[in-house]
Amino acid sequence: MSAHGVPEPMTAPAAGPLTGVAEVPGDKSISHRSLILGALSVGETRVTGLLEGQDVLDTAKAMAAFGAEVERRGEGEWRVHGVGVGGFAEPEDVIDCGNSGTGVRLIMGAMATTPIAATFTGDASLRSRPMGRITDPLGGFGTAAYGRQGGRLPLTIVGTGAAVPVDYTLPVPSAQVKSAVLLAGLNAPGETVVREAEATRDHTERMLRGFGAEVETAVEDGVRVIRLQGQPELRPQSIAVPRDPSSAAFPVCAALVVEGSDVLVPGIGLNPTRAGLYTTLREMGADLTYENEREEGGEPVADLRARFSPSMRGIEVPPERAASMIDEFPILSVVASFAEGVTVMRGVKELRVKESDRIDAMAVGLRANGVSVEETEDTMSVHGLGPKGVPGGGRAEARLDHRIAMSFLCLGMGSAKGVSVDDAGPIATSFPVFVPLMEELGAVLRKDNR
Ligand code: S3P
C-alpha cells in the first residue's frame, strides 16, 4: 500500500538476463540503531549511507518527538543532536512507527527507564504483532505498559525514573527484544544482563561499544551472555552505514534464477549474525562469490557476485542457522523453487510473527504459481522444479509485507509466465529504489491498473 493507503499492483514478467552493478541502500537494522543511539548520546552524531526507507524515516521522526534534533543534510546524510541517556522528553503526541517492528520495539526500550509516558501505534500489520515480548522484560525494570489484548498496539509505556537492572533470558531468538532490554538497561544503575541461546544480530552491542558503553559478550555453557554497565555517557559518533545484506538478497537471488544473469552487488555487510542466506546459497551450489573482502565501520563487508546457477540442489537448512537469515527465508523459498529437489527450512516459527505470517504468505503464493510447498508450525519445505521450471502465471498477496512483495516479483522474473503481486507499495519501507534498481539490471516491472 502506498503512503495514501491505495494498493499498487505490479507484475514481473519473465526477465531476460540481469546484468550490471546493483548498489543497494543502507542496512535497515544499523540505520535504526544509529538514529536511536545518536539521540541517546550527548552532542552531534553524523550518519552517512542511512537507509531512507519509510521504516527508518518513522524512527527519525520519533527521535525528534523525544527531543533530539534530527536533520537531513543530503542523500543518506543525517545529523542527530542527542539529549543523552535519560534525557528523552515526553512526546506531545502518539508515536506512529508505521510498519516497523524494529523501530517501535527499540524505541520502547530506549524510553522505558526515563520517567515519561508515550503511546505507540502503527499500521494494520504492526498493530497485529506481539509486543508482550518487549513489555514483559521492560516490566522487570519497573516500567508499566498498557496495551490492547495480547499486548498489541496501540500501547502506552509509562517509563520508570527508578529503574532496577534485569538479568533476562530471551524466550525467543530476537534481536529486537535483546536490543530493547539493552537500551532500557542504559538508564538503569548497575549491570543489565541478556542471555540468548541462539546468536541473533549483534549490531546493538557493536554500536553501543562504539558509542563508549561498556558491553561484554561471553559464551557460558553454550549461551551467549551480554553484560552492559548502566548509565554511561554515550559519545557521539560518525557512522557509515554498510549496505543491507537483506536487501542485497533480492538482486542476488534474482540473478541466480534468471538465465544468463551476472550481477555485482558491492559493499554488502556480512556480519556473521546476518550472513546465513549466503552460506545456504553456496551450499545449494549457487554461483556466488565474495570479492574484495574488507572491514568497514567495524563490520565485515564484501562485494557479492551472483551468476545464473542452473545446477542448484535443495538442502536442509539447519535450525541453528535460522536467526542469521530470519528475514531471508521468503527469498530463499523462491530460489528453492528453481533448485532440483526439496529444500527444508527448520526452526522458522518466528516467521509467523513478522510483518505477515511469512510461512503462510509464501506457501499460498508459491502454490498459486505452480510450486508445491509443505508447512508445519516450525518448518517450510519447497519442492524445487529445477532451472526454468517454475510456471508462474499466478497472483500473490503481499499482506503489507515488503519482503513478500519483492520475493514474488523475483519469482516472476525467473518464471515462464511471470507473477503479479496485489500491492508493491510496502517495498518502500525497506528498499525504496528496488523497482528502478531491478529495471536497471534488465528486469521489467509493470504497474498494473487497479
Ligand atoms: C531486526 C531483528 C529481526 C528482523 C528484523 C530486524 C533488528 O527481528 O526480523 O527485520 O534490526 O533487530 P526479530 O528480533 O523479531 O527476530
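The charged end of Arg282 sits over the ring of Tyr290, 3.9 Å from the ring's centre. Sitting over a ring here means that NZ of Lys or CZ of Arg is within 6 Å of the ring centre and within 35 degrees of the ring normal.

Before we go on, a word about the model. This is a predicted model, in which local features need pLDDT of at least 70, side-chain atom pairs count only at pLDDT 80 or more, and totals for chains, interfaces and linings use all residues. Residues are numbered from 1 along each chain as its sequence is written, and side-chain values use heavy atoms, with hydrogens and water left out.

Now for rings that meet other rings. Rings of Phe, Tyr and Trp (its six-membered ring) pair if their centres lie within 6.5 Å; planes under 30 degrees apart count as stacked, over 60 as edge-to-face and the rest as tilted. By this rule there are 4 aromatic pairs. Two of them are set out here:

| Pair | Centre to centre | Angle between planes | Type |
|---|---|---|---|
| Phe250 and Phe434 | 6.3 Å | 85 degrees | edge-to-face |
| Phe431 and Phe434 | 5.5 Å | 70 degrees | edge-to-face |

Phe250 lies in helix α8 (residues 245–257) and Phe434 in helix α13 (residues 434–441), 184 residues apart, so the pair links distant parts of the chain. Helices (H or I, at least four residues) and strands (E, at least two) are DSSP runs, numbered from the N terminus. Phe250 counts as buried because its relative accessibility is 1%; for Phe434 the value is 0%, so Phe434 is buried too. Buried means under 20% relative accessible area, exposed over 50%, and partly exposed in between (1.4 Å probe, protein chains only). Elsewhere, ring pairs link Phe66, Phe88 and Phe120 into a cluster.

Next comes an open sheet of 4 strands, in the order β18-β19-β21-β20, with mixed pairing. Two strands pair if DSSP finds at least two bridges between them. At the edges are β18 (316–317) and β20 (372–375), each pairing on one side only. β20 runs antiparallel to β21 (residues 379–385), joined by 4 bridges. Val373 has Val382 in β21 as its bridge partner.

Finally, the whole chain: there are 13 helices and 24 strands, and 59% of its 450 residues count as buried. Along its principal axes, the C-alpha trace spans about 60 × 50 × 40 Å.
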